[in-house]
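User: Hi! I have a model open and would like to talk through its fold with you. Could you take a look?

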Amino acid sequence: MAVTYNKLRHILVDRGMMKKELQEAAGLTNHEMMKIRTDKDITTETIGKICKALKCESTDIMDFYEE
């Protein structure tokens, strides 16, 4: 299974939010942001930070698919 954060990208566009703003609001590192940009696995802690900052659920920001 692989992951994609396309839903997260759409949320950012819909809210007019830059990736840097999300990084600051969620307290994410540059490394975590790089993993999101390249659709790599991130920790549940990171998912929780993003969801808290955006006031959403994990299913709102990511999808899994067969490789």
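Predicted model: local features only at pLDDT ≥ 70, side-chain atom pairs only at ≥ 80, totals over all residues.

User: In what order do the elements of the protein run from the N terminus on?

Analyst: Residues are numbered from 1 along each chain as its sequence is written, and side-chain values use heavy atoms, with hydrogens and water left out. Helices (H or I, at least four residues) and strands (E, at least two) are DSSP runs numbered from the N terminus, and the protein has four helices and two strands. Their order is β-α-α-α-α-β.

User: What is the radius of gyration of the protein, and what does the globule rule give?

Analyst: The radius is taken over C-alpha atoms, and the rule is 2.2 Å times the number of residues to the power 0.38. For 67 residues the two values are close, so the protein is as compact as a globular protein of that length. Both come to 11 Å.

User: What share of the residues counts as buried?

Analyst: Buried means under 20% relative accessible area, exposed over 50%, and partly exposed in between (1.4 Å probe, protein chains only). By that cut-off, the buried share of the 67 residues is 34%.

User: Which residues of helix α3 are buried, and on how wide an arc do they lie?

Analyst: Helix α3 spans residues 30-37, and its buried residues are E32, M33 and I36. The arc is that of the directions from the helix axis to the C-beta atoms. These residues are on the same side of α3, because the arc they cover is only 100°.

User: What covers the buried residues of α3?

Analyst: Contact here means heavy atoms within 4.5 Å. The cover includes three helices: α1 (6-15), α2 (19-26) and α4 (44-54).

User: What is phi of D39, and where does D39 lie?

Analyst: Most residues other than glycine have a negative phi. D39 has a positive value and is partly exposed, with a relative accessible area of 26%. Its phi is near 55°, and its place is the loop between α3 and α4.

User: Is K55 buried or exposed, and in which loop does K55 lie?

Analyst: K55 also has a positive phi, near 55°. Its relative accessible area is 76%. K55 is therefore exposed, and its loop is the one between α4 and β2 (63-65).
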